[in-house]
Every structure is written in structure tokens, then in C-alpha cells.
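The entries follow the order in which I looked things up.

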Amino acid sequence: MDSTTSLSKGCFAFIPKSSKAKKKKRSSQKDEFEDFYSIPQVSVYSSVINRIEEKLKTINNKASDEVLQDLVKYISGCPNADFAIPTAVLLTGINLPDHRVLFQALADRLHDEVTPHVSVLLSSECSSVKNTIEQLTSQFLRCSTASLDPQVELEDSDSEEEDVFDEVKRSQCTMPNLVTWYEKQTKQTTSPKKRKTQSSTRKLVVVIPDFEGFSTKVLQDVILILSGYLDRLPLVLVFGVATSVKALQSSLPHRITSRMDVRMFQSRQSVHFLNSTINEVFLSWKKPSICPFLLGPKMFKFLTDVFIFYDFSVHGFIQGVKYCLMEHFYNNPLSKLCCPREQLAQSIKELDKEDLSYVEENQEFRSYLEKLPKSKLEQILQSDKPFKDTILTLMEDLQDHKDNLLVAVWLLHSLIHDLPEAPLGKQVREIYIEVMSGPIIQHPKFDSCFKLLNLMSKQELLQKIDEMNRILEESECLAEVQEELMDLRREIDSAGQNMRSPTKSPTKNRAIAMCKDRKGLREQLLTPNVRIENEFEQARSKLLNYLRKNVFQKYLVSPSSMPLHEVFLIDNVSAKRHIVGAPRAAVHTALHNPHHYLQCDCCKMSSDGEILPTMPDVCIVYKLHLESGALINMYDWLQSFVTIVSPDDSDRDDRKVDPALQARFSRAVSELQFLGFVKASKKKTDHVARLTWGRTC
């Protein structure tokens, strides 16, 4: 007999099982993954990702510190009002996934610096006024459940449900109980003066990160309810608006906004966060380096294009980089060498025979060995130690080249970022893509940049030299370049700027005198006069020629031509389809060939156009609709469906269709309409219009 079966009515209690068994299971699962985490690629990948995430937290805190500081200052200093709720509106832009992190940081800072009573309300959890009030009050009551005195009787609501709601009963999550709880908190001080200061510091802050996601009716009612308790609760509202101020004005009428004392705050744009992330993490020239790898030009451009043209999500950009890095470590056996310089020697020492054979089969490594003398080549191939020493030498050269490349990119950026129309771009990421795509010296935009630099004044040029000198000092790279740069700076600083008038050379005068026809005379007259440069112009030309030939031409070279560059150069073009999916192609594949996803024998087709009766109804209807034109006759469509699903019913002479088959057909058509393939037609009542055409994959 079942444990809950009884002849009389009763109440049955089910005691929850102890959590010891769950802990044992979890510990056993951890033991199973110990072997996985001991793999060298996994350990190196984890250490790289941990360093990146730590740096990203610092960057996010630094980038949002200014606006968060202004918000905290406003919330802590706003006086307690009796009619209008102090409201801070933070205009965050269009990127909600990143803004939740921002608002979580705001809630943490408010909790640490202003008040421990902070409630964060999400639109997904607040579908009605009741749910919103319950979420709000439960978060406040949960802040200090120990302060709830058992002797203080909380009024029960009329709700019949008495389940546990995050350590607080759902029936207790009402505004009167919140007032009772807050009065209990403030009664701990006896002096009225102390009580006043404590109530001003212990505000009740309600944070709504996604203002547009809330129902306007729910939001209006909640604001009216909260304004009615202002005389007993020091409430403060914080709204996160992703679009503009008009969204606030259109959602809340005057009778609601009159109950709010609104103050606007503006956060920085998402592009600023992206540039900070790229410059300080992935393209940083400062030591120690955060990233031991370089992103290839195709992958880097793809990730930045996804950010700019799709979602403006820095979080999405970071996740894309993580996926590329994960695929790189998974597919490349030598990715264990993608580690900091101080760990490189130990990683190469741990290479086994299989790894060494993989290195030996590398085409560019083989071409490098072929250029060596025969005696040295035999010495390398006969023993593992000289072979590993060669790998160590090549990897150190790659690390040096990577560091010099990034420093040279920043030097070029400091020179050209503020030129008119910015031929190579204003951001480091744009210059980096051009450098990694090919020889930057041969680029036409590079020549136009140096033509503009040839027109630069002495003061501007000295400022740029000082900026380049600062980069070289902090990077501790290219010491010889720094010395030469300082010598050229002193030469430019001491050079005079007295202009010399253009003169005609004697040879040109003789050529004009010897001209016998008009055409030759015209060509000689149109030839410009020879202009003698002053000292500053000669020093400027000398500086630009040195930078062009001895710095940029030497160091701005992609490492893709160097042996073993696959270890740290990540350019996984195949990862594009995983980072940005093609939903229409996936839906077409699922409907056209369900066996691709279901992997069942009943849906396996022998030819591409075959329609099997065992397929799902929506797949049969979809494949039939592909054979139709712009308008589809519903009756003909139904008859074709019945012919495939139930051939016996289609042989009957009567026009009646089995109601079960008709219901299945109607449901399949409704699903196609929901997916956006068909819609009702106004031209003919018994027809539907087709909405998709052409290739879908």
C-alpha cells in the first residue's frame, strides 16, 4: 500500500533526506575530474583564463568606478522625503548582459558603503504586483532574519500558501511586515539624534536593472505603493534604462513621475569598455604579459565585427575569445607550450615522444631544419635534449617577437592616432588587424600617414616622441630604439626653423634657354623649383625614415611565417559558426532532415527530396510547402498531407477527412506560422502566403 493511502483524511509529513549523501556524491564527482584537470593543456588553459578574468574584474571596476561613485554619493546624501521617492536613473546603453554585472557591482558597493538593505529586482521574476512586492520585501527581510524577534507578530496575508520563500515565509512578505521589521531595526538606538542618523544611513535601496523589461502597469502600481510608505520607510529607487530618457517618460505618466525625484546618470559606452579590455588584456605591452597568445587577424576582426554590428556586448566578446582559446588548446597538442616565459623551459622538458614527433612533422619547422648545417641537423635529430633545446630557442624567439610586435604597434598608434581622417584608424585594435593581415609598410594607407607626419610641427612631433619614449621605458623592450630615438629628439629640439627661399638651379636656367619648341619650354616651366629644407625638416625626415625602415619594417611583421607559430597564434576560422549561429539554417535542417538531429532510423532518407510518413508532422508539412508557390491552397495541402501520412484514407472517394488527421495538420500549420514560414492571406480566404524563399543553408 502507498505511504499516503489512508481510509481517513490526514496530514502526511515527509522529512527531507540528509544532505550527507549528496556531499559524498559531489566529492566522488570531483575525484572523477581529477584526471581531467591533470592534463597539461587543461591546467595551462585554466591558468591563462584565471589571469584574464582577474584582469577583467580590475578593468570593469576601474571603468565603472566613476559612475558608481556618483551614484553612491547621491544615494547616501539624498534626504528622506515624505512625498517624492529619490530616484536615480542610470542610462546604460543597449547592452543588458553586461549591465547586469554593472548593477551587481553597484549593489555590492551600496551594501559595503551605504546600507546593507539592497534589493535587486529582475523583470523575469516580477510578472505581477504581488510577485514584485514579495521579491522586494523578501530580499530586505532576508538581510537580517536574526533581527526578527519571535515576540513581534507579523501579520499574515490572505494567501493560502505557506511555503518557505528564501528563509522567509511568503505570507510574511508584505509591506506592513516590512514596516514592522524596519521599526525593529531602528529601535536598537535610544537617542533620537542617533536614531535619525541611523535611519538616514540605513536606507532601503531598490535596484531595477532592466527598466524596459518590466510591465508598465506593474511598475506604476509598485511605485504608487512604495510612495505611500515614504513616511515610514526611507526608500530609494535605482532604474537602469538601456535606451534613452524617452523610455522613462513614455512608460510612466505624470501622476507617477510626480511621486519621484528623478536624477539622471550616464555610464560610459560599450565601445570604451571594449577598447579598455583589448588594450589592457589582449594587446598589452606592459610586463608581465597577461596573455601568452596572439589573436589572428581573421578571428580578431570577426570578434570585433560581432561586437560592433550585432550586440555591443563585451561579455560576448570575452566568451568568443574563451571559445577560440578552448578550441585551440583542444585541437593543438603543442598548446601546452602556450604559457608564460618563466614556465616555458619546464613545459618543453615535459614533452614526450609523441609531442616531439608532432613538432618534427610541422612543415615550417622542417623548413627551418633544412636551412641548418648538416652536422648541426644530425646532432639535433639524434637526441632529445638538443631537439628540445632547439624548440626552446625558437619559442623564446617567438616570445621576443610577440613582445616587440606589440610595442611597435603601440608606437605606431602613438604616431598616427590623431592624424586627419585617421587613415589606419584611431584605435589600437584597428592598427593591429592591419599589421597582422600583411606587410604594413606596403599598405597605401601607411604611406598616406607618413605624408601627413611630414607636415607635422616641431611641438607636435616632440610630444609624440615623448609618448613613444614613455612606452619604450615601461615595456623594457627595444632598448637600442629608445637610445636612437632620444638622440633624434635632441637633434630635432636643437634644430632651427629658418625657412630658405626656393632657388632655381643653373642647370634648369640653361635647359630653359636651350628649349627650341613650346612643348619643351612648357615642361621646363612646370617643373617645380628645388626647395632646400631647413634643419628641422631635415631632422624630421631623418626621424621618420628611421622609424619606417629600422622599427616598423623590422618589427611590424606577422609571426605566421615563423616556425612553431601555431603554438600561440590563434586564428580558428572554423569557430565562427559556433560563436555566431545561423538559426534559419538550423531550423531548415531540422525540418528538412530531422534525422540530422534525432538520429533515428524512422526518419532516415534515401534521397534529399523523400518524404516519409514516419517523420514529424511539421516536417512533412514543411517539405510539402517547399514545393508550392507564393500562395498555398489549404485543401490541396491537407490532401497531400493525408496521402503521405495515411495512404488508405486518401483512396476513399468521399471528401471527408479523418478529424484526427485534420487536427494534426492544423497543428503543424500553426507551428509553421509560429516559426514565420507562412501567414494568412488576404487575397484568398482558403489560401496561406509563403514567406521564405531561396536557399536557407
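Is the crossing of H29 and H32 left-handed or right-handed? I find that H29 and H32 cross in the right-handed sense. I note that the model is a predicted one.

**Entry 1: the helix pair.** I located helix H29 at residues 617–625 and helix H32 at residues 659–675; their axes come within 9 Å and cross at roughly 70°. Angles of 65 to 115 degrees count as roughly perpendicular, and H29 and H32 are therefore roughly perpendicular to each other.

I then listed the residues in contact. From H29 come Asp 617, Val 618, Val 621 and Tyr 622, which meet Arg 664, Phe 665, Ala 668, Val 669, Glu 671 and Leu 672 of H32. I sorted the residues of this contact into 7 nonpolar and 3 charged, with no polar ones.

**Entry 2: the sheet.** I traced an open sheet of 5 strands with parallel pairing, in the order E2-E5-E6-E1-E7. Strands E2 (118–120) and E7 (260–266) stand at the edges; each has a single partner strand, so one side of each lacks a neighbour in the sheet. From one strand to the next, I record an average twist of 20°.

I examined one pair in detail. Strand E5 (residues 204–208) runs parallel to strand E6 (residues 235–241), and 5 bridges join them. Val 205 has Val 236 in E6 as its bridge partner.

**Entry 3: helices on the sheet.** I found helix H8 (residues 216–227) packed on the sheet, where it touches E1, E5, E6 and E7. The direction of H8 makes about 160° with that of E6. Helix H3 (residues 65–77) lies across strand E1 (85–91), E5, E6 and E7, and H3 runs at about 160° to E7.

Note on methods: Residues are numbered from 1 along each chain as its sequence is written. This is a predicted model: local features need pLDDT of at least 70, side-chain atom pairs count only at pLDDT 80 or more; totals for chains, interfaces and linings use all residues. Side-chain values use heavy atoms; hydrogens and water are left out. Two strands pair if DSSP finds at least two bridges between them. Helices (H or I, at least four residues) and strands (E, at least two) are DSSP runs, numbered from the N terminus. Axes are lines fitted to C-alpha atoms, for helices over the stretch in contact, and angles run from 0 to 180 degrees between N-to-C directions. Contact means heavy atoms within 4.5 Å. Angles under 35 degrees count as roughly parallel, over 145 as roughly antiparallel, 65 to 115 as roughly perpendicular and the rest as oblique. A crossing is left-handed if the near helix is turned anticlockwise from the far one by less than a right angle, and right-handed if clockwise. Ala, Val, Leu, Ile, Met, Phe, Trp, Tyr, Cys and Pro count as nonpolar, Asp, Glu, Lys and Arg as charged, and the others, Gly among them, as polar.
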